[in-house]
Amino acid sequence: RRVIPASGAAPGGFVGSALSDASGAYSTPYPALTLTFSEVHEPSIPGVTVTWSTVYGEYASSFRVTAYNGSAAIAEKTVTGNTSVRSVVLLDISSYDRIVIEVLSWCLPYRRARMEAVFVGIRRVYTRGDLTAYRYEASVDPISAEAPMGRISFSLDNRDDKFDPTNDAGMSKYLTKRQKMTVRYGQRLGGGSTEYIPGGVFYLSEWDAPQNGLCANFTARDICGLLAQGSYIKGVYRPAGATLYSLAADVLTDAGIAPALWSLDESLKTVTTVAPLPVASHLVCLQYIAAAAGCLLGCGRDG
């Protein structure tokens with residue numbers, strides 16, 4: 001058991017008020033968590049991922065997920081026989097403004113229902129046993145003479161055709177570009193524990209699942225790869241001059257990269273130029289700015 005501190009911030013998540021009975025079942029009204037959105041979301045999502053109680057290693061043995069548009073239920077799925085702390089519920093949901101998760105029974109008697117996190121969408125975790133191949137490539141030029149590159153390619157077991165595009169019940173319909181992937185590497189230590197270090201944050205760019213093939217192949221690139229896909233066309237002559245800091249911020253903002261995902265060195269504020277940036281990819285423009293400032297451009301392991 002991990003003891004949660006008596007003071008200070010500690011993420012407890014959702015804790016129900018009712019206790020399960022001797023069989024682990026709850027009486028109506030069931031413990032429920034409601035996610036309410038400020039507007040109706042039209043795009044389809046493939047389901048939700050619920051994390052129960054990793055602190056205690058407990059989970060809901062049966063639960064129900066219902067999506068609503070106003071008062072109308074538009075999609076519903078009841079899961080029974082669950083034995084996992086993290087549950088992935090496959091359910092096509094669109095045109096929704098509310099999602100309700102009801103806990104019908106718990107894995108142990110006389111327990112309160114607990115949920116630590118709900119991810120709207122599917123969050124899959126693949127371990128070494130799921131991978132048939134993995135490769136990481138990266139290059140960073142210390143003088144920014146070339147744009148940086150970070151890429152992973154990996155293969156997953158596809159003998160059950162779950163990634164086959166012709167399999168309507170498979171996973172291929174949920175594959176879209178720019179899906180976020182977080183990589184970490186683990187080293188097994190004594191006593192059966194594993195120590196992990198971050199390996200990077202990548203975004204799905206390519207995939208291939210040949211029919212009757214044993215493996216499905218995927219390629220994902222870091223955020224620099226995303227910056228290489230769009231063009232910056234707002235370079236203008238600035239007679240009063242502009243700092244390299246402001247130019248870099250303009251390029252990143254134009255690329256649609258959230259400010260929380262980038263950091264600019266303060267030294268860029270000391271260099272001013274009147275030269276317009278060329279019509280080029282956002283990544284190339286940042287490379288020119290880094291070279292002019294004598295800075296290194298790259299992507300960290302935290303993305």
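Strands here are DSSP runs of E at least two residues long, and they are numbered from the N terminus. Keep that in mind for β12, which gives the most to the lining of the largest pocket, with eight residues. One caution before going on: this is a predicted model.

**The chain as a whole**

The chain holds three helices and 18 strands. Its C-alpha atoms fill a box of roughly 75 × 50 × 50 Å along the principal axes. Out of 303 residues, 36% count as buried. If you look at contacts between residues at least 6 apart in sequence, 69% of them join residues at least 24 apart.

| Pocket | Volume | Lining residues | Lining by class |
|---|---|---|---|
| Largest pocket | about 1,700 Å³ | 37 residues | 21 nonpolar, nine polar, seven charged |
| Second largest pocket | about 430 Å³ | 23 residues | 17 nonpolar, four polar, two charged |

To find the largest pocket on screen, go to R124, V125, Y126, M181 and T182, the lining residues that lie nearest its centre. Two or more lining residues come from each of β3 (45-51), β9 (117-120), β10 (131-139), β11 (149-157), β12 (180-188) and β13 (194-208).

For the second largest pocket, the residues nearest the centre are W262, S263, L264, L297 and G298. The elements giving two or more residues to this lining are α1 (223-227), α2 (244-254) and α3 (282-293).

**A closer look at α3**

Does the length of α3 agree or disagree with what its residue count predicts? At 1.5 Å a residue, its twelve residues should span 16 Å, and the end C-alpha atoms are 17 Å apart, so the two agree. The buried residues of α3 are H282, L283, C285, L286, Q287, I289 and A290. Their cover includes α1, β15 (231-232), α2 and β18 (280-281).

Leaving out residues up to four places away in sequence, V251 touches Y232, L277, H282, C285, L286 and I289.

**Backbone spots worth a look**

A cis peptide bond joins T28 and P29, with omega at about -5°. P29 sits in the loop between β1 (14-19) and β2 (32-41).

Two residues have positive phi without being glycines. Y110 has a phi of about 55° and is found in the loop between β7 (96-106) and β8 (112-115). Is Y110 buried or exposed? Its relative accessibility is 54%, and exposed means over 50%, so Y110 counts as exposed.

R178 is the other, with phi near 75°, and it lies in the loop between β11 and β12. Because its relative accessibility is 45%, R178 counts as partly exposed.

Technical notes. Residues numbered from 1 in each chain as written. Predicted model: local features only at pLDDT ≥ 70, side-chain atom pairs only at ≥ 80, totals over all residues. Heavy atoms only, no water. 1 Å grid on protein atoms, 1.4 Å probe; cavity = no way out; pocket = protein on both sides within 12 Å on 5 of 7 lines; lining within 4 Å. Points joined across faces, edges and corners; volume = space filled by probe spheres on them. Helix = DSSP H or I, 4+ residues; strand = E, 2+ residues; numbered from the N terminus. Nonpolar A, V, L, I, M, F, W, Y, C, P; charged D, E, K, R; others polar. Expected span 1.5 Å × (residues − 1). Buried < 20%, exposed > 50% of the residue type's maximum accessible area, 1.4 Å probe, protein only. Contact = heavy atoms within 4.5 Å.
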